[in-house]
Structures are given as C-alpha cells and as structure tokens.
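Please examine the sequence and the model shown below.

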Amino acid sequence: ERLCAGFGFSCGLRSQGEQVTGKAVYLLDTLGELAGFYAVSDAAFIGGSLMPFGGHNPLEAVALGVPTCWGTHFFNFLEIETVLLELPSCAKIQSELDLARFLRLNLDKSNHDSKSNTAAKIADLQLGTSGRIAAALLRMLDDGLSAK
C-alpha cells in the first residue's frame, strides 16, 4: 500500500472491504480470489517474488491474457519462466521502480490487446500439463508392472 502511494497510484485493500472503483491498484491481501480478479485486471504482479518466497503461479494470470510480471525470487517456477519471458506481455522486474514502469506500460490499452493475445496463446500450450504428467506416470507404472 505504501509502495503504491509512493508512486502515485491510488490503492484499495480487499481485506478492508474497500472498493475498486476509482482505484488504480486493488491489493488482494486475501486468499482464494485471484482467478476472479485476474479475469478483470489490466496487468498483474505475481506476489512472493520480490522477497525470497519463490513466487506464485504466473499461469493463472497469463492464461487469462493478463500482462504479468514478477520479481527476481521466482525459483518455484523456473521452467515456465523461461517460456514466459519470451513474451512481450511478461517481464521479470528488479525493483519497485520496474514494477511501476511495467504497470504504466501495460495500462496503455493500445499495448494491451496484442500482448494479452500472445500471452493467452502461450498459456494454452501449458494447460493440461498435469494430465500429461499423470498419463506418463501411468505408462511408466504399466511398463514396470508388465516387466515383472
């Protein structure tokens, strides 16, 4: 909240029941509500990534076509990070100033449509990964059982 104020962004807090209307930033400091909010967002910052927490799942935002950025501590998602950083709609930021730049750039609607379409296409490639992993594990188990 202080960071937003420092960069001149008006800010609302979900935990305080504040409204999003008229706010540049709405901080979701609650649990279990990201997907619904990503769907109506112009840009997303992935929390837990500016400090050594490892970051949260970026695909939730990217799959919805939302330009997305995260910090340098993103070790929980290193494999997908490589793919996402090839997109103009995704960025790794180094500082709060980088975050402000990313948000300003992506709040420009003329940039948003082409970027979000690209992000959504990449996310589509990643969707269903858990099903493919499960199928591979089942094949391995079947092969192992057949060999015995």
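Read from the N terminus, the elements of the protein chain follow the order α-β-β-α-β-α-β-α-β-α-α-α. In this predicted model, the secondary structure thus listed comprises 7 helices and 5 strands. Of the contacts in the protein chain with a separation of 6 or more, 38% are accounted for by residues 24 or more positions apart.

The protein chain has 148 residues, and buried residues make up 30% of them. Its accessible surface amounts to about 9,100 Å², with 58% of that area belonging to carbon and sulfur atoms.

A site within the strands may be considered next. Strand S1 spans residues 11-13 and includes Leu13. Because its relative accessibility is 13%, and buried means under 20%, Leu13 counts as buried. Leaving aside residues up to four places away in sequence, Leu13 touches Glu1, Glu18, Tyr26, Leu27 and Asp29. A further relation concerns Thr30, which is 17 residues from Leu13 along the chain; the C-alpha atoms of the two are separated by 9.1 Å.

Leu137 is located in helix H7, which covers residues 129-147. Is Leu137 buried or partly exposed? Its relative accessibility is 45%, and Leu137 therefore counts as partly exposed. Together with Ile133 and Met140, Leu137 makes a nonpolar surface patch of about 310 Å².

Terms used: Residues are numbered from 1 along each chain as its sequence is written. This is a predicted model: local features need pLDDT of at least 70, side-chain atom pairs count only at pLDDT 80 or more; totals for chains, interfaces and linings use all residues. Side-chain values use heavy atoms; hydrogens and water are left out. Patches are made of residues with over 30% relative accessible area and no salt bridge: like charges are joined within 9 Å, nonpolar side chains (Val, Leu, Ile, Met, Phe, Trp, Tyr) within 5 Å. Accessible areas come from the Shrake-Rupley method with a 1.4 Å probe; for residues, only the protein chains shown count as cover. A salt bridge is a side-chain nitrogen of Lys or Arg within 4 Å of a carboxyl oxygen of Asp or Glu. Helices (H or I, at least four residues) and strands (E, at least two) are DSSP runs, numbered from the N terminus. Buried means under 20% relative accessible area, exposed over 50%, partly exposed in between (1.4 Å probe, protein chains only). Contact means heavy atoms within 4.5 Å.
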